[in-house]
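These are my notebook entries on one structure, kept in the order in which I looked things up.

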Amino acid sequence: MNEKPEIKNIAAEKDKKTFRLDLDKEKLEKALRLFKLKIKTEDVAYLNACVHCGLCADSCHYFLTDKNRNSIPGYKLGLLRDLFNRENIFLGKIFPRWIGARDLNEDLIENWIDSLFGRCSLCGRCSLNCPMGINIAYLIRLGRGVLSGLGLVPESLQRVVDIALEKGNNMGIDEEEWKETVKWLEEELRKEVNDPAASLPLDRKGAKILYVLNPREPMFFPLSLLAAGKIFYAAKESWTLSTKNFDVTNYGFYTGDDESAAHIAKRLVSEMEKLKIEILVLSECGHGFNSNRWEAPEWLRMRYDFEVKSILEVIASYLRQGRIKLDPAKNQKIYTLHDPCNLVRFGGVIEEQRYILKNSVLNFKEMNPNREKNFCCGGGGGQLSLTPFAERRIKAGKIKAEQIRKTGAQVVVAPCHNCIDQIMELNKHYDLRIEVLTVAEVVASALKLNRNRV
Amino acid sequence: MLSLLRIAAIISSIFAFVSLFIQVLKTRNYGRKSLYSIPQGRLRNGLFYAFGKGMLPWEKESTRNHLPSYLAGIVYHLAIFSALLYFFSLILSFKINIHFIFLLRILLFSGFICGLGLLFKRIIIPELRWMSVADDFASNILVDLFLLNSLIESLIEGWRAFFFISSILMFIYIPLGKIRHCFFFFLARIHFGLFYGRRAVLVPWKKRVS
């Protein structure tokens, strides 16, 4: 592992330079090497295309709420572009000030840490609003990857990756504890569906589906796992959980550390191969979906020979095939839907959740804007673990809080556990008086079960 | 003198295009990102979006909220392309129809005003001024001068030398400063379209559930 220079509470320093990174020449050279290694054709095109128009500013929930110039996406991108220009552009080499090119030094690295980790949730909303179409979020992730290579990921975020690498899941749940939770939930399921044969199967070889979930579910939100179990039961699905590799999350995605991300992703691939499963179904987790569906094959440099689907796609298919029946009258409150950035804007799962909710509840109101144009809740990009920047996260969430309030909803449905945590915090902070549920929980409460089933 | 300037203008324009072309080709040296994940959508849909619907003023919040800047940008760029056509028509001694000349003058004038407007915007808005570097101002001024000189040249005889001088300065600067986005814009939009098209996020038409 890399030796980690000390990073103290940067956010609390409020722009005063009261901490030191102690980066020697060797480390700066390493950072430069990493930067050059990570940058690809697409990134070069993007970095050359930015014209500093500033039109991205109003698309960022950080800038909209703090009006801090360092929060403008173009500025954050500029932190990388300045270095790129210094190294690659003729004028940047001979007359750097003219085009704003900068050498890689401690000052620039400090700005990277503050802006790339502390002022961005990698939501990608700025990219959609950029006249050039620059994929700013992925470039910021690239910068985070360089910091990760130097061991400069804020400790609270790095810890989540370390725990996942060491224990097999990001909450450090041990096998016995996990098995006991599954057993307890299985009993609950049996009671709820009134069927002693109902089960939450573990390690069932040859099942059609391997369902992986956010470890926060067994720890803090067991009802969402119970809801998924109930839906699979109602659909008579052949499915299983895994005893060892059940974690859908991958915080290597947030730290930009492709090596750790690949290691974590590989576990699920191995589990799929070991149990001979057809479809890897991911629970409601935004970054877990983007990581496992889109990024993991690139980290592992392999084409999967199994399908990767969100539980939302699976539930929608059950509904279309008539495998589950719902009674929306069971959900009479006013519901609205939050679109997690990694699932929707980066994931392409956009309409399934709407189809499901329109069949599960009586009163559904869209937020505005919605779908791929949604605002981030502020909980993405690893921000929930980035405790030094927690104050900024809550402030940035004001946009989402206002969106929710405008719908008049009593229930916010959020198909992502990071979003749920953030919205629950926003609920308290902005006094929204809402309930926050997963899509599966809403579906489970609307399920029409055949009670006479054997 | 004029024939010397004409030759210099031709050489500088070739320098600009060749340099830009080489810069674009050189991006390939960095290597493409791998694409092992199985696509969900069609790449061409993403491209249609990137160069079609995605460019429309109502599609992006940033353009809806900054409509005058968007329109100024459109007029500015149309004028630049018109001025370039005018430049090459002079170089190639191609005679332009009088009606087109009239339209050209309107476009060049509007483009020049829009360019100045965007320059003042950059100076006046604190965030934008703070983000800007000398290159941003220089690029805008060089292009504005190119538009102004092409307009005057179309109106007054004997202005051609000034038009060629401003063209030479602009062409030499294009690959060095941010005006190089004139090529990289297309490359960036292609990558943008491919990324979101592959993931079936952005499509040229609405797909909504019933």
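Entry 1, domains. I began with the term itself: the domain bounds come from an automatic or database domain assignment. The model is a predicted one. On that assignment I read chain A as domain 1 (10–153), domain 2 (166–321) and domain 3 (328–446). I then looked up the separation of domain 1 and domain 2 of chain A, and found 35 Å between their centres, taken over C-alpha atoms. For the contact between the two, I noted 6 residues from domain 1 of chain A and 4 residues from domain 2 of chain A. On the domain 1 side of that contact I recorded 2 nonpolar, 2 polar and 2 charged residues.

Entry 2, the sheet. I asked in what order the strands of the open sheet in chain A lie. The order of its 4 strands is β6-β5-β7-β8, and the pairing is parallel. From one strand to the next I noted an average twist of 30°.

I then followed one pair in detail. Strand β5 (residues 334–337) of chain A joins β6(A) in the parallel sense over 3 bridges. Tyr335(A) has Phe364(A), in β6(A), as its bridge partner.

Helix α19 (residues 352–360) of chain A lies across β5, β6 and β7 (411–413) of chain A, and runs at about 175° to β5(A).

How many residues of each chain are in contact? I found 50 residues of chain A in contact with 46 residues of chain B. Several helices of chain A each supply at least two residues to the side that touches chain B, among them α5 (73–88), α17 (286–300) and α19. The largest share of that side, 7 residues, comes from α3(A). By class I recorded 23 nonpolar, 13 polar and 14 charged residues on the side of chain A that touches chain B.

For the complex, I noted an ipTM of 0.94 and a pTM of 0.93 from the predictor. Chain B averages a pLDDT of 93, and 98% of its residues score at least 70. Where in chain B is confidence lowest, and where highest? The lowest is in helix α3 (residues 61–65) of chain B, at a mean of 91, and the highest is in helix α7 (residues 134–155) of chain B, at 97.

Notes:
Residues numbered from 1 in each chain as written. Chains lettered and ligands numbered in written order. Predicted model: local features only at pLDDT ≥ 70, side-chain atom pairs only at ≥ 80, totals over all residues. Pairing = 2+ DSSP bridges. Axes fitted to C-alpha atoms, helices over the stretch in contact; angles between N-to-C directions. Contact = placed C-beta atoms within 7 Å. Nonpolar A, V, L, I, M, F, W, Y, C, P; charged D, E, K, R; others polar. pLDDT = per-residue confidence, 0-100.
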